Amino acid sequence: MIGDRHMEWVETLYEKYSDAVFRTAVIYLKSEQEAYDIVQEVFLKLLRHINLPRPKLRQSKLPHPGMFRNEDHEKAWLLRVAINCCKDQLKSSWRKKRVSWDDYNDGSGSAVQKWEEQSADTERKQMLLSSIHNLPEMYREVIYLFYYEEYTAEEIGRLIGKNPSTVRSRLQKARELLKKELKGEWI
């Protein structure tokens with residue numbers, strides 16, 4: 001059973017990081033509804049791990065209050081779990097066989113609308129977001145983590161298991177692809 005202290009800790013993490021987990025999932029899955037499912041899955045995984053009996057050898061590897069070195073480590077752990085959940089979702093046979101509602105609508109979901117409401121330059125931001133969504137996953141991932149979550153190339157490398165120079169190369173290639181698609185308007 002999860003104690004009050006653990007539950008408060010999970011609630012605090014949810015309040016702090018659920019938006020970042022959601023944005024990460026939207027970038028990967030291109031679907032708000034699926035992103036909400038990923039947020040739920042990430043925090044359910046956290047709760048399940050807390051509830052597991054911990055053998056002495058593995059105790060420090062399972063999530064619990066105090067296991068993270070700092071807030072950046074908390075966020076990185078949750079984003080890594082979110083990225084893995086998204087990749088699992090993308091590989092699933094269910095996803096490959098279904099037709100997305102997003103394929104039928106004009107692409108203006110509530111996340112995009114909120115972003116547009118915050119800026120007078122909505123058309124350009126929508127073009128940029130659409131262009132980012134059209135990037136191959138390996139470029140979309142590093143662009144999102146670098147510009148939206150403000151991670152360094154070294155931190156991104158640790159998150160995705162790649163060398164920092166590979167991350168910098170992917171960032172450069174992603175910028176080139178975006179520049180080509182946007183015809184130099186933004187980058």
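This is a predicted model: local features need pLDDT of at least 70, side-chain atom pairs count only at pLDDT 80 or more; totals for chains, interfaces and linings use all residues.
1. Residues are numbered from 1 along each chain as its sequence is written, and side-chain values use heavy atoms, with hydrogens and water left out.

2. The protein chain has 9 helices and 0 strands, these being DSSP runs numbered from the N terminus (H or I with at least four residues for helices, E with at least two for strands). Of its 187 residues, 41% are buried, that is, under 20% relative accessible area with a 1.4 Å probe, protein chains only. Among contacts with a separation of 6 or more, 68% join residues 24 or more positions apart, a contact being heavy atoms within 4.5 Å.

3. Returning to the pocket, its lining consists of R69, N70, D72, H73, A76, W77, R80, Y151, E155, R158 and L159, lining residues being those with an atom within 4 Å of a point. The elements that give two or more residues to this lining are α3 (71–91) and α8, and the largest share, 5 residues, comes from α3. By class the lining has 4 nonpolar, 2 polar and 5 charged residues, with Ala, Val, Leu, Ile, Met, Phe, Trp, Tyr, Cys and Pro counted as nonpolar, Asp, Glu, Lys and Arg as charged, and the others, Gly among them, as polar.

4. Helix α8 (residues 153–160) also packs with helix α9 (residues 164–182), at an angle of about 105° and with the axes 8 Å apart. That makes α8 roughly perpendicular to α9, a label given to angles of 65 to 115 degrees, taken between N-to-C directions on a scale from 0 to 180 degrees, with axes as lines fitted to C-alpha atoms over the stretch in contact. The contact is made by A153, E154, I156, G157 and I160 of α8 together with P164, V167, R168 and R170 of α9, and these residues divide into 5 nonpolar, 1 polar and 3 charged.

5. Elsewhere, Y36 lies in helix α2 (residues 32–51) and is partly exposed, with a relative accessible area of 40%. The C-alpha atoms of Y36 and V21, which are 15 residues apart along the chain, are separated by 9.1 Å.

Conventions: Buried means under 20% relative accessible area, exposed over 50%, partly exposed in between (1.4 Å probe, protein chains only). Angles under 35 degrees count as roughly parallel, over 145 as roughly antiparallel, 65 to 115 as roughly perpendicular and the rest as oblique. On a 1 Å grid over the protein atoms alone, a cavity is a set of points where a 1.4 Å probe fits but cannot get out, and a pocket is an open set with protein on both sides within 12 Å along at least five of seven lines; lining residues have an atom within 4 Å of a point.
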